[in-house]
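The following note concerns the salt bridges of the model under review.

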Amino acid sequence: MPATLDRILSKRPTDYFLGTCDPCRLPVRATVPEAREDVRHIACPQCGAKTRVSRIYATTVDASCDAACMGAVGPACSCSCGGANHGRSWAPATYESHTTADALARYRERLDKQERERARKAEAERRRRRAAFEAWAKDYSDVIEFLKSTDINNQFIDDMRRYVDRLDVLTERQTAAVRKFIENEKRRAAEDKRRKEEAENAGPVPEGKQTLTGEVVMADIYDNHFAYNKSDYKMLVRLDNGAKVFGTIPRALQTRPTTEGNLFGLRGVRVRFDATVTAKAGEPTFGYFKRPTKATFI
């Protein structure tokens with residue numbers, strides 16, 4: 001029976017503890033004198049399993065104690081017994097009584113009903129999530145296929161794969177990021193394929209004093225480790241036979257304006273110059289040139 005403010009006589013902690021054994025689904029009541037904590041763990045009298053019990057707090061009022069108090073399963077007592085009778089039906093000495101059997105049956109029936117309701121709600125939520133995911137997936141099959149098939153070691157892609165596996169709908173920003181990743185991977189794969197084909201079809205580096213003709217594929221600034229506070233301008237040139245040579249940019253080619261990421265505007269430009277070439281050991285299609293002269297754009 002609920003207490004009202006004008007009927008409360010006292011409110012105090014008791015030595016009684018009440019909880020529920022999960023394995024046998026049985027309320028457990030125990031008396032633990034001089035216990036300091038409000039939560040204890042005791043052995044279930046039925047199965048011996050470790051059971052969490054909470055201290056009963058008694059709000060004593062002038063209302064009489066009834067069967068609801070005797071069969072209670074919660075830790076709050078609000079009647080005249082002051083917690084003495086609260087959950088007493090579950091005390092070990094009364095497990096075999098007819099009253100306890102009836103109360104236990106009602107209690108377990110209530111638990112079953114609650115579990116069925118939780119299962120119903122969980123199933124409804126799973127169906128809702130699946131329906132939402134399938135509706136979203138119709139427009140993003142490329143994203144899903146990529147996430148499920150790729151073995152790329154990337155934290156972002158791993159996170160997106162986990163979201164898809166548990167039927168989470170990706171946000172627009174997440175989807176856009178995955179598609180951008182896909183495009184970058186396609187470009188990277190195409191570039192790797194092109195470089196592999198070039199390497200397979202490249203001829204040997206012409207060694208010695210040579211007139212070299214080809215396309216500048218890279219130009220950049222490198223620190224000079226043999227001179228303080230000095231840098232060198234270097235370029236990589238793909239020769240007409242597919243071989244590549246690396247060396248200092250001739251002064252005659254340092255005349256164009258530099259744009260972002262393109263030193264002297266050389267990338268993609270065809271050039272001709274004389275230089276002494278040496279092939280790299282073990283790589284006949286790659287070499288180094290030095291002392292370039294007579295450089296010109298073609």
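1. The count of salt bridges comes to 26. The coordinates are those of a predicted model, and the points below should be read accordingly.

2. One of the pairs joins Arg 120 to Glu 117, with the closest N and O atoms 2.6 Å apart. Both residues belong to helix α2 (residues 98-137), where a spacing of three residues separates them by about one helical turn. Arg 120 is partly exposed, its relative accessible area being 48%. Glu 117 is likewise classed as partly exposed, at 33% relative accessibility.

3. A second pair to consider is the salt bridge between the side chains of Arg 238 and Glu 198, at 3.3 Å from N to O. Arg 238 is in strand β7 (residues 231-239) and Glu 198 is in helix α5 (residues 172-201), so this contact ties together parts that lie 40 residues apart in sequence. Arg 238 is buried, because its relative accessible area of 17% falls under the 20% limit.

4. Glu 198 also forms a salt bridge with Lys 244, for which the closest N and O atoms are 4.0 Å apart. Here helix α5, which holds Glu 198, is paired with strand β8 (residues 244-248), which holds Lys 244; the pair therefore ties together parts 46 residues apart in sequence. Lys 244 has a relative accessibility of 22% and counts as partly exposed.

5. A network of salt bridges links Glu 191, Arg 194, Arg 195, Glu 198, Glu 215, Arg 238 and Lys 244.

How values were computed
Residues are numbered from 1 along each chain as its sequence is written. This is a predicted model: local features need pLDDT of at least 70, side-chain atom pairs count only at pLDDT 80 or more; totals for chains, interfaces and linings use all residues. Side-chain values use heavy atoms; hydrogens and water are left out. Helices (H or I, at least four residues) and strands (E, at least two) are DSSP runs, numbered from the N terminus. Buried means under 20% relative accessible area, exposed over 50%, partly exposed in between (1.4 Å probe, protein chains only).
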